[in-house]
Amino acid sequence: MIAIIDYEMGNIGSVLKAFSYINCPAEEVTDPDKLKKYDNIVLPGVGAFPKAMDNLKKRNMDQAVKEEIKKGKNFLGICLGYQLLFESSEEDFSGTDDKTAVKGLCLLSGHVRKFNSESGLKVPQIGWNSIDSTDNTGILHQFNGRYFYFVHSYYADVTNLNSTKNDVKSLNTYFSFTEYGKRFASAVEKDNIMACQFHPEKSGDDGIELLRKWVKT
Amino acid sequence: MYTKRIIPCLDINKGRVVKGINFLDLVDAGDPVETAKAYNATGADELVFLDITASYEKRDIMLSTVEKVASEVFIPFTVGGGIRTIDDFTALLRAGADKVSVNTAAILNPSLITKASEMFGAQCVVAAIDAKKEKDGSYMVYINGGRDKTSWHAADWARKCEKLGAGEILLTSMDTDGTKKGFELTLTKMVSESVNIPVIASGGAGRIEDFYDVLTKGHADAALAASLFHFHELDITELKKALRDKGISVRIH
């Protein structure tokens, strides 16, 4: 059974429908204590990063998610549920120092930043874009060059990862990258974590195939 | 690589796909779910459902259609046609629509866009604009299915919609709509350059070159067509391959 975490950040209906379509029973979970019962956990989400962190914390869901991931549960983050895994986001934050920006779950090294629309780039990115994986073992690399549906104004910046090479969070971390104004980290695989900026539940046959493969891992 | 989108539009009457020219002589063209699946299979990037049901039971039928489509077709889709209130947005998005397009109601009550955008996010709010070229060469916005002229210039209204919180513009040229003589390139370029959100061009698609022109000269981010695809005059797979060969980035699946 798959748990889809409902923390009031957008519609989780499409994610439920997609798993039901591939005959993988999934249900929404609002109570962090109940998360233990599930083998597969999905953190979806659409909306603002600071509010999402607040909503997770209010329910103690942030700790529950971290514990289950630590236990090795098969985890999938989608869109905002991907961004939340990083150290911080500059969404609704006017400062310049990542250290004082809104903190994320800190399971991955990197910071979430806003696309720069001054160069004429349309923000949000809405539409299909391809991914380019850096790994050759996991799920993502099987979708190298394939297209997925993106809707987002913020992206994961992992450009300084090399400087934190010895950081335990960076070990075994494989990103896929996508071009939109700049090259950004569009998805990640790290041990039992898979997470993506795009919406597999809205990415047609490739998206459905990706979900199918994730459930099986 | 970021791609340009090709979007078929389906007219829905009482829960069925209908084909007709200028809403006359409507012919039943099948089940929305099956039609949506067929479009997904040929590589449509998104779908737009335009509800043209003119009866009081309108809303419930459309909600049930949306629910069914969302359970079986996993590409983004927009629902429009007679959207008036925040409750309409809530109900359609809950039923599984990804975006809701609003036209007349946005002109009459611009705060609807802002409210919907704040509640559901800008990505859910599509501002549909019907525009017509006037004798003096300006492009004005029309509402109520093209019957009533407003005092808004198309580019100004598009900019206003973006400020209000719309995430995309669906721009229809009333002059080219149904003609199959090509999209209105001047209008599309003007609006697309006026806003910083994606513009979907609609009205006038007839040949592959029309799509090429509107996605290049027209600066559109996406192109929409209805009858051309319904009547199998142009296959989406072939269209996308032809566009790719002409150097346009499209999703080939």
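Ser173(B) touches Ala131(B), Glu184(B), Leu187(B), Ser202(B) and Gly203(B), leaving aside residues up to four places away in sequence; a contact here means heavy atoms within 4.5 Å. Ser173(B) belongs to strand S10 of chain B, which covers residues 168-173. Helices (H or I, at least four residues) and strands (E, at least two) are DSSP runs, numbered from the N terminus. Because its relative accessibility is 2%, Ser173(B) counts as buried. The classes are buried for under 20% relative accessible area, exposed for over 50%, and partly exposed in between, with a 1.4 Å probe and protein chains only. The side chain of Ser173(B) also makes a polar contact of 3.1 Å with the side chain of Thr176(B). A polar contact is a pair of N or O atoms within 3.5 Å; within protein, one must be able to donate a hydrogen and the other to accept it, and residues adjacent in sequence count only if both atoms are side-chain atoms.

The model is predicted, so that local features need pLDDT of at least 70 and side-chain atom pairs count only at pLDDT 80 or more, while totals for chains, interfaces and linings use all residues. Residues are numbered from 1 along each chain as its sequence is written, chains are lettered from A and ligands numbered from 1 in the order in which they are written, and side-chain values use heavy atoms, with hydrogens and water left out.

Chain B as a whole contains 10 helices and 12 strands. Its C-alpha trace spans about 45 × 40 × 40 Å along the principal axes. For 253 residues, a compact globule would have a radius of gyration near 18 Å, and the 17 Å of chain B agrees with this; the radius is taken over C-alpha atoms, and the globule rule is 2.2 Å times the number of residues to the power 0.38. Of the 253 residues in chain B, 58% are buried. Among its contacts between residues at least 6 apart in sequence, 64% join residues at least 24 apart.

The surface of chain B may be considered next. Chain B exposes about 10300 Å², of which carbon and sulfur atoms supply 51%; accessible areas come from the Shrake-Rupley method with a 1.4 Å probe, and for residues only the protein chains shown count as cover. Chain B carries 31 positive and 35 negative side chains, and the centres of the two sets are 2 Å apart. Lys and Arg count as positive and Asp and Glu as negative, whereas His and the chain ends are not counted. Each charge is placed at NZ of Lys, CZ of Arg, CG of Asp or CD of Glu.

Helix H8 of chain B, residues 208-216, has Asp210(B), Phe211(B), Asp213(B), Val214(B) and Leu215(B) as buried residues. These pack against strands S1 (5-13), S11 (199-202) and S12 (222-225) and against helices H7 (185-194), H9 (227-230) and H10 (236-245) of chain B.

Two loop residues of chain B may be set beside this helix. Ala29(B) lies in the loop between strand S3 (24-28) and helix H1 (32-42), and its relative accessibility of 24% is why it counts as partly exposed. Ala29(B) touches Val17(B), Val18(B), Lys19(B) and Thr35(B), residues up to four places away in sequence not being counted. From Ala29(B) to Ile143(B), 114 residues apart along the chain, the C-alpha separation is 27 Å. Arg147(B) is found in the loop between strand S8 (139-143) and strand S9 (148-153); with 65% relative accessibility, Arg147(B) counts as exposed.

Chain A has five helices and 14 strands, and its C-alpha trace spans about 45 × 35 × 35 Å along the principal axes. With 217 residues, a compact globule would have a radius of gyration near 17 Å, and the 16 Å of chain A agrees. Buried residues account for 60% of the 217 residues of chain A. Chain A exposes about 9100 Å², with 46% supplied by carbon and sulfur atoms. The mean positions of its 27 positive and 29 negative charges lie 1 Å apart.

In helix H1 of chain A (residues 13-21), the buried residues include Gly13(A), Val15(A) and Phe19(A). This helix is followed by Asn23(A), whose phi is positive, near 60 degrees. Helix H2 of chain A (residues 49-58) buries residues including Phe49(A), Met53(A) and Leu56(A). Among the elements covering the buried residues of H2(A) are strand S3 (40-43) and helix H3 (61-70) of chain A. After H2(A) comes Asn60(A), with a positive phi near 60 degrees.
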